[in-house]
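Here is a set of questions about how the descriptions of one model follow from their definitions. The answers go step by step.

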4 protein chains.
Amino acid sequence: MNAIDKLTEIFKEFPGIGERQARRFAYFLVARTNGYNDVLANLILDLKKETGQCQECFKFFNLERKSDGQNICEICADSNTDSSLLMIVEKDSDLESVRKSGAYHGKYFILGGLVPIVEKNTKSRVRIEELTKKIGREARPSGLGLASLKEIILAFSLSPQGDHTDFYVRQELRELAESLGLKISSLGRGLSTGTELEYSDNDTLKNALKNRQ
Amino acid sequence: MNAIDKLTEIFKEFPGIGERQARRFAYFLVARTNGYNDVLANLILDLKKETGQCQECFKFFNLERKSDGQNICEICADSNTDSSLLMIVEKDSDLESVRKSGAYHGKYFILGGLVPIVEKNTKSRVRIEELTKKIGREARPSGLGLASLKEIILAFSLSPQGDHTDFYVRQELRELAESLGLKISSLGRGLSTGTELEYSDNDTLKNALKNRQ
Amino acid sequence: MNAIDKLTEIFKEFPGIGERQARRFAYFLVARTNGYNDVLANLILDLKKETGQCQECFKFFNLERKSDGQNICEICADSNTDSSLLMIVEKDSDLESVRKSGAYHGKYFILGGLVPIVEKNTKSRVRIEELTKKIGREARPSGLGLASLKEIILAFSLSPQGDHTDFYVRQELRELAESLGLKISSLGRGLSTGTELEYSDNDTLKNALKNRQ
Amino acid sequence: MNAIDKLTEIFKEFPGIGERQARRFAYFLVARTNGYNDVLANLILDLKKETGQCQECFKFFNLERKSDGQNICEICADSNTDSSLLMIVEKDSDLESVRKSGAYHGKYFILGGLVPIVEKNTKSRVRIEELTKKIGREARPSGLGLASLKEIILAFSLSPQGDHTDFYVRQELRELAESLGLKISSLGRGLSTGTELEYSDNDTLKNALKNRQ
């Protein structure tokens, strides 16, 4: 197997990339300048050195922004972040999407995956224990003047697995949330941009009707 | 122009049908038996004779179900229909879609179109006057024991024109609704079936967050 | 079942139409004027009266063009048609497509279908016997001055079933064609408009290479 | 701009990759192990060191296969390659596609691009001069017993730009080919796999008819 074949094999593992496009990537790189490929390779080599995983929310972040030697991302470190809200998302790109919408200014927690509907050992897959600890810390902040956590927002994709994860996390947090007086909410459901009534599925119509206002 | 060309011209006006498929329809019919074509032609000829438009909700309905010589559709005539709710939809197929979902058991009103964002003479296009009269009747039912109207539900597709229609109808009904003590609601917005957070537009995320519960 | 349901059932049989679009067609018609529906119904009723099937090529054609009381279509009746060429196609819409290209001025024969790869009683499905007789007539024209048939062009879609039909018709005609000194050809194969080499299948590349010129 | 943003910028330049997928690639890599990223980065760094560009056909190839210290790819170096045929293709992935089809066993030449329809300085973009020299060498091989070039096959995608490139290369090579007694051919045109007559464009039908056999 030559270098182009090997690169093709690796690019095939990239999300959404098949054999053909993987090979095109390899040929694309072989036709670049040495300089271009050096920049790319060094970015990949340094990526994990320059990127930390926030010990609070598990988001990946740029280590240059590391404050006081601690592994805290820019959102968790920002005193303007509304610490009364904690949104639980599946992955970094979901967080980015919500952040770009400009509609949310609270904290986040990255669960690290969805909970498969049929699976035994769930705890090893998603960060439910880390979440529990995080909620404990946030609900009883030690620092003076810090607003404490009031609401946990479950923000998963609207799929069977997303629904199952919502159900699972609610179950795992129920007791703790009750004891701490925390509200657990989920993202609202109904018509989304572009929804045509005529072609809507029954669940969407039911949710849209139930959540009318 | 021969018969096949003429039929092609007419089928081209059918919703979603282009020249090629229209011609395929014509050739499809020329290859059917006489019996098949007779059945189809007679159904089309009788369609409007057998189909009435409900004088209450403007839905098309089968005249065999006509009760007491009145042009009332089966939903409006059904005493089990919840007359405290009136859902305003654009067209018959929207009504069918909601009805099939099994989530709604109130009355309907078919507006007959959406209100274009830039247009002068709106009243001639949608049934806003008929709607106003209908609400007047429903809010003060003459029959004893009939539940009177409590809530008007605006149920339009989530598009700029649907939004504009929602805005227009609310404006036109505001005074009347206030004087009669009626609530005006719109279908809920947020995540719909299949929505992935990562690929959601900002409006959908904002609505999902605002309407969390 | 009411008139709209019945129409929906019939429109569902139209080529390429599912339940939803069939229902839209029915609602579309119920909202037309009586005049529109009358025109459509009468066109459908008269379609088969006004349309004959050519006794020479089996093409459907407008009976007003009928010459001398005979069921002969405008192409077969046209003395400018090159009677040295006979193209065998599956169906009327294939003929229309070739005719519109302006690249062919010979005669046609509509086989009436493709030959399924696994099937016993083929003769009952396609007009192979009618084709054999037609070739016999065309190769030995009785009229003076008429050019006689020289070449039979098989023009089927490039699919396994089209290939099988090509094979079947060649086999059935071989002896006759040899005895009459007729050439049998098939449409050329290779790159078609829009073909990108990078994404071409092996068969297309093989044909393109074999038929290079 | 942090490392993830920088990587996103670079991945956006990959063929067919937009902002969103580029960012997913970056997050994908940040979540890999250090080992995985090291392998990928080193493959990219070594790609151009391990890959040479054949001085005969301009194909990229694995330098391990370099024979006798010369920059000759495995196809050009293979004595089983039929040196009477020279196929001109646009790019490496076209060559791969033809090679995989197993239908061709001659030599290749990679032109390095298509010739834009409106452009002045064409020679700087495609390797027309290198091609001319290559043909000179191939048509008069110095080695004893080597079969000399007989036919040049132009193998470009069937698009306006591909057609223009075919026209351009034929024009540039005409005199040379005539003087050397070389045939210039182009890939055959007609029906390609999956072509349905009914939906074929006029050019494809014309080619299929012209090239019938």
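**Confidence, sheet and interface**

Q: What is the mean pLDDT of chain A, and which of its strands scores lowest?
A: In this predicted model, chain A averages a pLDDT of 90, and 92% of the residues score at least 70. Strand β2 (residues 60-62) of chain A has the lowest mean among the elements of the chain, 88, whereas strand β5 (residues 151-154) of chain A has the highest, 98. The model scores ipTM 0.85 and pTM 0.74.

Q: What makes β3 and β4 of chain D paired strands?
A: Pairing takes at least two bridges. Strand β3 (residues 82-89) of chain D is joined to β4(D) by 5 bridges, so the two count as paired, and they run parallel. D:D82 stands opposite D:G106 in β4(D).

Q: Why are β4 and β6 of chain D said to stand at the edges?
A: The sheet is open, with 4 strands in the order β4-β3-β5-β6 (chain D) and parallel pairing. β4 (106-110) and β6 (183-186) of chain D each have a single partner strand, so one side of each is left without a neighbour in the sheet. From one strand to the next, the twist averages 25 degrees.

Q: Which strands of chain D does helix α7 lie across?
A: Helix α7 (residues 160-180) of chain D lies across β3, β5 (151-154) and β6 of chain D, at about 170 degrees to β5(D).

Q: How many residues of chain A are in contact with chain B?
A: 42 residues of chain A are in contact with 42 residues of chain B. α8(A) gives the most to this side of chain A, 9 residues.

How values were computed: Residues numbered from 1 in each chain as written. Chains lettered and ligands numbered in written order. Predicted model: local features only at pLDDT ≥ 70, side-chain atom pairs only at ≥ 80, totals over all residues. Contact = placed C-beta atoms within 7 Å. pLDDT = per-residue confidence, 0-100. Axes fitted to C-alpha atoms, helices over the stretch in contact; angles between N-to-C directions.
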